[in-house]
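Here are my notes on the model, as numbered points. Please read them with the coordinates open.

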Amino acid sequence: MNVINVALEVLREAVHRKWFLGITLGISVLLAIMWNVLQFEIVDGALAATELFGDLMGSDIQSADVALRPAFRIASYIIYYGVLVFGIAVCAPLATTLLAPGRIDYLLALPIARWELILGSYVGVLVLTIAGTLYGAAGFMTVLGLKTGVWSTGILLSTVLGSITFAAIYATMLTMAIFIRYTPAIIIAGLLVMFGGVLASNIEAIQAEIETQWLSESLGLISQFVPRVVRVSHFAADIAGSMPVNEAMLIRSIGGMLFFGLAMLCLGLWHFERKDF
């Protein structure tokens, strides 16, 4: 129960800072622009023409659900990386606020265990992020559904993978906040995990370009401990576009994400229990 109460406190802080309002308005504006600039001509369930800002983008007649697969894939990539970048930038100050002197002293004086305080803060931020992500994905699905009659829930399912990826990244950011309560350092930690995940996803190609064997092997070993950000984004796009997915590899990638996030969170909890405020 204490974890839930702390999570609700995080959401109240977000409301107080008008983050909810800003996120909702920003996404709503983008959806409104999309509604006005995208025009589709549907003939007997087939997509006959697409217009963007009044300019004809394509006139090949094909099944609407097949023709819109690239649109759902592109939307998935935008949502996936958008939630990562936006979440890193927006949630970093929230981590420092929750651990600010005075506030943390007050919270620790309450009958709340330290692990409940950290876990509740973590859950609250994830709820905020997931809510914004699902709102954007549901809005995009609704816009295309109303205009074309094609309703694909794949875009909603793909956002789950984006949320899992951000959960792993934010675990690192929250742990950094426990060690160093400095917002720029927290943002850098999140960006390092994200870009490290991009490099880890392409480690085979990088190793092929490195002639020094020990360096190539060292990078390969290090990459085993970094979440595969790009690989998961491809899975998310395939799900959004109703494409076949390698389920075994998907489960392995998700497991790696969860393990990384749990390890970082445990490190933060360990230091928080030992820290003297």
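1. Salt bridge. The model is predicted, and it holds one salt bridge. The partners are the side chains of D238 and R73, with an N to O distance of 2.4 Å. D238 belongs to helix α11 (residues 229-240) and R73 to helix α4, so the pair ties together parts 165 residues apart in sequence.

2. Exposure of the pair. Are D238 and R73 buried, partly exposed or exposed? D238 counts as buried because its relative accessibility is 19%, and the cut-off for buried is under 20%. R73 has 23% relative accessibility, so R73 counts as partly exposed. Side chains of opposite charge can pair when their charged atoms come close.

3. Largest pocket. Its volume is about 910 Å³. The lining has 33 residues, and L30, M34, A75, I78 and I79 are the closest to the centre. Helix α4 gives the most, with twelve residues.

4. How many charged residues does the lining of the largest pocket have? It has no charged residues. The rest of the class count is 25 nonpolar and eight polar residues. Please keep that in view when you set up any calculation there.

5. Second largest pocket. The volume here is about 310 Å³. The lining is made of 13 residues, with Q224, F225, V226, R228 and G256 nearest the centre. Helix α12 (residues 247-274) supplies the largest share, seven residues. By class, seven lining residues are nonpolar, three are polar and three are charged.

6. Nonpolar core. The largest nonpolar core has 45 residues. Inside this core, L84, Y122, F166 and Y170 have the most contacts. The elements that give two or more residues to the core include α1 (2-16), α5 (103-109) and α8 (183-201). Also among them are α4, α6, α11 and α12. Helix α7 (154-179) is another such element, and the largest share of the core, twelve residues, comes from α7.

7. Cysteines. How many disulfides does the model have? The count is zero. C91 is buried, with a relative accessible area of 3%. C266 counts as partly exposed, at 42% relative accessibility.

8. Backbone at S242. S242 has a positive phi of about 55°, although it is not a glycine. Where does S242 sit? It is in the loop between α11 and α12. Please look at this residue in the viewer.

9. A14 and L94. A14 is found in helix α1. It is buried, with a relative accessible area of 0%. The C-alpha atoms of A14 and L94 are 8.0 Å apart in space, while the two residues are 80 residues apart in sequence.

Note on methods:
Residues numbered from 1 in each chain as written. Predicted model: local features only at pLDDT ≥ 70, side-chain atom pairs only at ≥ 80, totals over all residues. Heavy atoms only, no water. Disulfide = S-S within 2.5 Å. Buried < 20%, exposed > 50% of the residue type's maximum accessible area, 1.4 Å probe, protein only. 1 Å grid on protein atoms, 1.4 Å probe; cavity = no way out; pocket = protein on both sides within 12 Å on 5 of 7 lines; lining within 4 Å. Points joined across faces, edges and corners; volume = space filled by probe spheres on them. Helix = DSSP H or I, 4+ residues; strand = E, 2+ residues; numbered from the N terminus. Nonpolar A, V, L, I, M, F, W, Y, C, P; charged D, E, K, R; others polar. Salt bridge = Lys/Arg side-chain N within 4 Å of Asp/Glu carboxyl O. Core = buried A, V, L, I, M, F, W, Y, C linked by side-chain atoms within 4.5 Å.
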